[in-house]
Amino acid sequence: MKNIDQILEHCKELAFDLEFSYAKNWKSAQTDRVLIGYMPIYFPREITHAANALAVGILGTGDRKQIIKGDAFYQSYICHIPRGIIELALDGNLDEIDGFIFPSICDVIRNLSGTFQILKKGKFVKYLDYPQNFLSHIGGKFYKTELLHILHEIQKINNIEVTPEKLNNSIKLYNINQRLLKEIYNIRQEYPWRISFENLYYVVRAGMVITVEEHNKILEDVLEFLNINNGEPMDKIKVVISGAFCEQPPIGLIKTIELAGCYIVDDDLLLGSRWMKGDVADNTDDPLNALSEAYMNLSTFSSSVYSVGKPKGEQLVQLIKERNADGIIFAAPSFCDPALLDLPVMQKACDDANIRYISFQYNENTGQYKVIKEQVGAFSDSIKLWEDTVSS
Amino acid sequence: MSKEVEKEKSMVLQKEMVARLFDELSAANETGKKVVYTFVPGNLSELILAFDMLPVYPEINALQSGMRKLSGNYIREAEKFGHSEDVCTYVKCDIGMMLSGNIGPTGKKLPDPDLLLLSYTGCFTFMKWFENLEKLYPGVPIAMLHTPYQESGKITPDMTEYMVKQIKEEVIPKMELVSGKKLDEEKLNAIIQNSIEIEDLIVKIFDTTKNVPSPIDAYFAGVYYIGPINIGFRGTKDAVDYYTELLKEIEYRVENKLGPVTPEGVMEERFRLVVEGPPNWTNFREFWKLFYDHGAVVVASTYTKVGGMHDLGFRHDVKRPFESLAEYCMNCYTNLNLTQRISLLSKYIKDYNADGLLVNSIKSCNSFSAGQLIMMRKIEEDLETPVGFIESDLVDPRYFSFSNIKNRLDSFFQMLDQRRVILKDKTAVI
Ligand code: SF4
Ligand code: SF4
């Protein structure tokens with residue numbers, strides 16, 4: 001195993017490299033390599049991998065870049081992430097990226113795809129319309145045509161044909177990736193002090209800008225480290241964060257939550273990395289169909305996916321129970337319709353299940369955490385106090 | 001401005017139609033008529049009518065509440081219930097109204113839904129809205145119709161096939177279940193035939209603004225004109241009669257060179273505008289007055305196309321009933337990509353000989369608003385057309401700032417005036 005500190009440092013650099021140097025170097029090593037940028041939440045990276053393309057997660061600029069041009073594209077009442085993405089595009093940070101995928105999660109991301117079309121960014125821009133019908137022969141079929149469209153676009157660039165063998169192999173690698181991540185989360189649930197959430201975040205986020213092969217190696221090393229008993233538990237409550245699936249909270253905010261008395265044992269910050277609740281079939285004659293079936297049947301719950309019949313509130317409550325968490329922090333980006341419109345329903349489910357929660361909003365470039373620190377601190381104290389009272 | 005404002009026959013017809021619908025709704029529990037809650041963009045009026053069901057449009061209730069100054073309280077109710085200040089106020093107004101007893105625009109209680117028909121066109125918020133409604137009406141069946149976005153600027157056969165399958169296998173079976181009837185395709189086709197007639201009439205009506213002076217305001221009056229097709233009358237004989245009468249009245253105005261009728265009488269046209277974005281409902285009259293006081297007539301607007309785009313050629317089709325229902329949904333304005341929206345606005349500016357474009361950016365509505373700034377810049381650059389920008393909200397009175405809007409509009413109209421002088425000078429020199 002490599003030195004964990006070096007691994008974490010490496011992941012931290014990768015996670016916040018707004019120049020996407022790793023991806024650019026990867027591409028320059030072979031002429032038929034292609035870079036595909038994708039926005040939150042989920043994108044089936046297996047297809048790009050099989051097409052000799054690297055999927056590069058574009059998550060905005062956080063608090064690491066001053067937004068000048070991007071602000072001229074959005075009214076004050078629109079969330080912050082598209083401004084950062086535009087800034088990156090206009091400053092040339094995304095120039096090497098050949099195609100852009102905008103998964104259908106909200107109208108802001110949808111219309112950002114139109115802005116990229118107008119700005120003529122990349123060789124193609126694709127708004128990936130995820131079906132909201134979950135029957136294989138209806139939504140599943142439509143989803144496959146969407147994925148095929150992307151494969152054709154990549155093929156136009158590098159002339160590589162994706163065979164079932166190649167795609168099955170890519171699915172295998174991503175299955176491993178998801179399993180490793182799940183294992184890491186499972187261990188952390190028991191021993192959250194062994195790696196801070198901040199560091200875990202770097203590890204997961206790094207995986208969105210490097211090859212799956214390399215990320216799998218990193219995850220194996222991290223897992224090995226987590227299996228060693230290290231660190232000391234502190235008197236903190238365990239919480240789950242919900243609502244932060246698109247625009248990312250700044251690292252300062254994550255640290256604040258941890259410092260104010262919480263272990264974050266599950267979250268939806270980089271939900272796309274852990275989207276599937278199980279393995280995608282990796283040995284079929286029609287792996288595209290396998291991906292589609294997996295999307296239909298194995299997707300986790302999310303604000304961007306139609307949930308009638310399997311209410312999200314109940315799924316969230318289930319997650320809290322599985323993680324043995326003490327409470328939930330609803331942290332949503334300001335002006336984020338999908339996250340904020342889910343709040344009352346989610347909170348009602350928590351009320352019904354006697355799960356305690358707090359909620360606040362942030363921007364990716366929020367710089368002041370004093371109020372949040374007090375709020376989270378009070379939340380943590382109240383839960384600890386409650387437990388003490390109950391146990392005495 | 002002339003002060004004669006008399007109710008025209010078409011207005012009376014519309015009023016009667018709407019009153020009848022709300023009477024039927026309030027009697028639904030006794031008559032046993034089934035009630036469908038659904039949305040304006042991508043509405044499946046023809047199918048609802050074919051099953052003899054009654055529609056309730058939560059957006060229409062919200063805008064009516066806005067106009068009747070009730071929305072502020074409803075929004076506060078929804079915020080007390082846990083909704084954020086930052087989300088679409090149509091949703092909050094609607095939910096607040098339901099939490100306050102679901103009293104409709106006529107003062108009578110609206111019936112609960114028998115079916116929630118989530119025709120999900122052009123806006124993600126609709127989906128969240130229905131997820132919330134599902135909680136308020138547990139156990140009510142929901143039919144989801146996902147409309148793919150025109151991301152590439154066209155409707156592909158795969159998109160149509162996807163929608164037709166949903167209509168046939170998801171929507172119609174749920175309607176059959178709820179109504180207890182089988183779909184009568186002949187009846188559906190007769191309804192569709194009416195829709196085609198209505199669509200032809202609507203295109204003619206909105207095209208009369210090519211005249212100078214324009215006989216109508218295609219935004220402030222336009223929202224009344226689209227009322228019937230947006231609240232469930234598309235496909236009815238009543239609506240054919242209404243639009244026939246309306247066209248007749250407008251043609252009379254054209255022949256007599258009469259300008260648009262406003263709440264204060266017939267106005268004189270000084271500026272011709274194209275407007276992008278929904279109007280503000282809480283202060284609708286005041287808002288309109290800011291335009292007609294300056295002689296600004298709206299000759300085309302995108303908001304009047306949210307319930308369907310017919311001027312670019314789309315018509316329902318009896319030969320392909322389900323395909324055309326699908327294409328109708330995919331053709332609604334907010335389902336167009338930004339490039340399509342830019343070309344549509346540019347076409348309006350040219351076809352209707354507009355002096356400028358005005359964007360009313362709505363705080364609530366990401367579907368409309370996100371991307372409007374680049375659209376404006378593109379149009380300004382490409383056509384050298386003056387573009388004005390104001391901000392308000394649909395139904396949240398807290399976001400209607402009269403003085404801000406007035407100041408911005410005053411400067412915009414001043415700019416249009418100056419430009420006119422400059423252009424005149426240039427022509428004189430040539
Ligand atoms: S933060 Fe929310 S509203 Fe903004 S782009 Fe992401 S999902 Fe959409
Ligand atoms: S976001 Fe806009 S289109 Fe969507 S429901 Fe609200 S007002 Fe209507």
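**Close-up views of chain B**

**View 1. A bridge between two paired strands.** In this predicted model, Leu116(B) has Ile142(B), in strand 4 of chain B, as its bridge partner. Strand 3, residues 115-120 of chain B, pairs with strand 4 of chain B in the parallel sense, and 5 bridges join the two. Strands of a sheet pair through backbone hydrogen bonds, and the pairing is either parallel or antiparallel.

**View 2. The open sheet of chain B.** The sheet of chain B is open and has 4 strands, in the order 2-1-3-4, with parallel pairing. Strand 2 (54-56) and strand 4 (142-146) of chain B each have a single partner strand and stand at the edges, so one side of each has no neighbour in the sheet. From one strand to the next, the twist averages 25°.

**View 3. A helix across the sheet strands.** Helix 1 of chain B, residues 9-26, lies across strand 1 (35-37) and strand 2 of chain B. The helix runs at about 100° to strand 2 of chain B.

**View 4. The surroundings of ligand 2.** The residues around ligand 2 are Cys88(B), Tyr90(B), Cys123(B), Thr125(B), Phe126(B), Trp129(B), Ser364(B), Cys365(B) and Leu394(B). By class, 7 residues of this shell are nonpolar, 2 are polar and none is charged. Helix 7 of chain B (residues 125-136) gives the most to the shell, with 3 residues.

**View 5. Ligand 2 and the two domains.** Why does ligand 2 lie between domain 1 and domain 2 of chain B? Domain 1 (9-183) and domain 2 (189-429) of chain B both give residues to the shell around ligand 2, so the ligand lies between them.

Methods
Residues are numbered from 1 along each chain as its sequence is written. Chains are lettered from A and ligands numbered from 1 in the order in which they are written. This is a predicted model: local features need pLDDT of at least 70, side-chain atom pairs count only at pLDDT 80 or more; totals for chains, interfaces and linings use all residues. Side-chain values use heavy atoms; hydrogens and water are left out. A residue is near a molecule or strand if one of its heavy atoms lies within 4 Å of it. Ala, Val, Leu, Ile, Met, Phe, Trp, Tyr, Cys and Pro count as nonpolar, Asp, Glu, Lys and Arg as charged, and the others, Gly among them, as polar. Domain bounds come from an automatic or database domain assignment. Two strands pair if DSSP finds at least two bridges between them. Axes are lines fitted to C-alpha atoms, for helices over the stretch in contact, and angles run from 0 to 180 degrees between N-to-C directions. Contact means heavy atoms within 4.5 Å.
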